[in-house]
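Keep the structure open beside you as you read.

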Amino acid sequence: MKLILRILLSAIAVVVLSKILPGVGVDTYMTAIIVAIVLSLLNFIVKPILVILTLPVTILTLGLFLLIINAIIILLADSLVTGFSVENIWWALLFSLLLSFLQSILFSILKED
């Protein structure tokens with residue numbers, strides 16, 4: 001049940017950010033749910049591989065390269081999900097930062113149970 005709530009809260013965050021950021025677009029609410037599922041799957045499967053492959057660069061940049069990896073994950077979701085669009089890597093970077101911030105706020109609501 002908590003997994004479904006987390007996906008729905010992520011979808012809400014995606015919709016809110018698509019309304020705020022002009023470089024990010026989501027067509028429907030169902031698309032936002034699909035984006036939340038795809039992002040969670042990409043973060044679970046692809047992100048650890050990218051982190052291991054880019055470990056030297058991440059160490060040299062003191063972890064700041066992880067922001068670029070997050071933006072790449074957003075751009076991958078953009079290419080996989082029709083109806084979700086991100087203009088460029090800068091919008092993906094800003095979307096990634098704001099999505100993480102908004103998710104941490106929304107997920108803290110779930111931990112109060």
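Predicted model: local features only at pLDDT ≥ 70, side-chain atom pairs only at ≥ 80, totals over all residues.

Setting aside neighbours within four places in sequence, Ile74 is in contact with Leu39, Phe84, Val86, Ala92, Phe95 and Ser96.

Several of those names come back when we turn to the nonpolar core. The largest one has 30 residues, and those with the most contacts inside it are Val14, Leu39, Ile74, Phe84, Phe95 and Leu99. Helices α1, α2, α4 and α5 each supply at least two residues of this core, and so do the strands β1 (24-26) and β2 (84-86).

Now follow helix α1 to Ser18, which lies in it. Is Ser18 buried or exposed? Ser18 is buried, because its relative accessible area is 13%, and the cut-off for buried is under 20%. A polar atom of the Ser18 side chain lies 2.8 Å from the backbone oxygen of Val15. Beyond residues up to four places away in sequence, Ser18 touches Val24, Gly25 and Val26.

The largest pocket holds about 390 Å³. It is lined by 18 residues, of which Ser10, Leu39, Ser40, Asn43 and Gln103 are the closest to its centre. The elements giving two or more residues to this lining are α1 (2-20), α2 (29-53), α4 (65-80) and α5 (89-110). What is the lining made of, in nonpolar, polar and charged residues? The lining divides into nine nonpolar, seven polar and two charged residues.

Definitions and conventions. Residues numbered from 1 in each chain as written. Heavy atoms only, no water. 1 Å grid on protein atoms, 1.4 Å probe; cavity = no way out; pocket = protein on both sides within 12 Å on 5 of 7 lines; lining within 4 Å. Points joined across faces, edges and corners; volume = space filled by probe spheres on them. Helix = DSSP H or I, 4+ residues; strand = E, 2+ residues; numbered from the N terminus. Nonpolar A, V, L, I, M, F, W, Y, C, P; charged D, E, K, R; others polar. Core = buried A, V, L, I, M, F, W, Y, C linked by side-chain atoms within 4.5 Å. Buried < 20%, exposed > 50% of the residue type's maximum accessible area, 1.4 Å probe, protein only. Contact = heavy atoms within 4.5 Å. Polar contact = N/O pair within 3.5 Å; in protein donor to acceptor, adjacent residues only side chain to side chain.
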